[in-house]
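Take a walk through this model, one local feature at a time. Keep the viewer open as you read.

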Amino acid sequence: QVQFVESGGGLVQPGGFLRLSCAASESISSIAAMGWYRQASGKQREVVAIMRRSGSTTYVNSVKGRFTISRDNAKNMVYLQMNSLKAGDTAVYYCNTSPPPPYSHWGQGTQVTVSS
């Protein structure tokens, strides 16, 4: 299956911003929906944002108005712009199809740490 490599994470202060990138190993033009997920230490992975091929998006309530998912099929890239970051956003962020295949091999993700 298609594999994804995430990048762009880092350490930022509360109120700061980051732009995450997701590079796909093959064309994503035929993938109906892509998503960003995150997993905080000791917690289950949760979906953060979804973008469908139509361009429609869905966000978890906790990030609405702060995060924006985008998709560039020509470049096989998915992005997540994260603004007004909070400590609760601290997690490892992953990208994958939405829904992900069962028993997916999740990559390393990219660490986002929000701390003063």
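**A loop, a bond and a pocket**

Pro99 sits in the loop between β9 and β10 (110-114). Strands here are DSSP runs of E, at least two residues long, and helices are runs of H or I of at least four residues, numbered from the N terminus. The model is predicted, so local features need pLDDT of at least 70 and side-chain atom pairs pLDDT 80 or more, while totals for chains, interfaces and linings use all residues. Residues are numbered from 1 along each chain as its sequence is written, and side-chain values use heavy atoms, with hydrogens and water left out.

Stay with Pro99. A cis peptide bond joins Ser98 to Pro99, with omega at about 0 degrees. Most peptide bonds are trans, and most residues other than glycine have a negative phi.

Tyr103 is found in the loop between β9 and β10. Its phi is near 60 degrees, a positive value in a residue other than glycine. Tyr103 counts as exposed, because its relative accessibility is 86%. The cut-offs are simple: buried means under 20% relative accessible area, exposed means over 50%, and partly exposed lies in between, using a 1.4 Å probe and protein chains only.

Ser84 also has a positive phi, about 50 degrees, although Ser84 is not a glycine. Look for Ser84 in the loop between β8 (77-82) and β9. At 41% relative accessibility, Ser84 counts as partly exposed.

Now turn to the cysteines. How many disulfides does a search of the whole structure find? It finds one. The partners are Cys22 and Cys95, with sulfur atoms 1.8 Å apart; the cut-off for a disulfide is a pair of cysteine sulfur atoms within 2.5 Å. Cys22 lies in strand β3 (residues 18-24) and Cys95 in strand β9 (residues 91-97), so the pair ties together parts that are 73 residues apart in sequence. The torsion about the S-S bond is about 70 degrees, so this disulfide is right-handed. Cys22 and Cys95 are both buried.

Strand β10 brings in Thr110. Thr110 counts as buried, because its relative accessibility is 9%. Its side chain reaches the backbone nitrogen of Gly9 at 2.9 Å. Thr110 touches several residues, including Glu6, Ser7, Leu20, Ala91 and Tyr93, not counting residues up to four places away in sequence. Contact here means heavy atoms within 4.5 Å.

Ser41 lies in the loop between β4 (33-39) and β5 (46-52). With a relative accessible area of 78%, Ser41 is exposed. The C-alpha atoms of Ser41 and Thr90 are separated by 8.7 Å, and the two residues are 49 residues apart along the chain.

Finish at the largest pocket. A pocket is an open set of points on a 1 Å grid over the protein atoms alone, where a 1.4 Å probe fits, with protein on both sides within 12 Å along at least five of seven lines; lining residues have an atom within 4 Å of a point. The largest pocket is lined by 14 residues, and Val2, Gln3, Phe4, His105 and Trp106 lie nearest its centre. The elements giving two or more residues to this lining are β1 (4-7) and β9. The largest share, four residues, comes from β9.

Definitions and conventions: A polar contact is a pair of N or O atoms within 3.5 Å; within protein, one must be able to donate a hydrogen and the other to accept it, and residues adjacent in sequence count only if both atoms are side-chain atoms.
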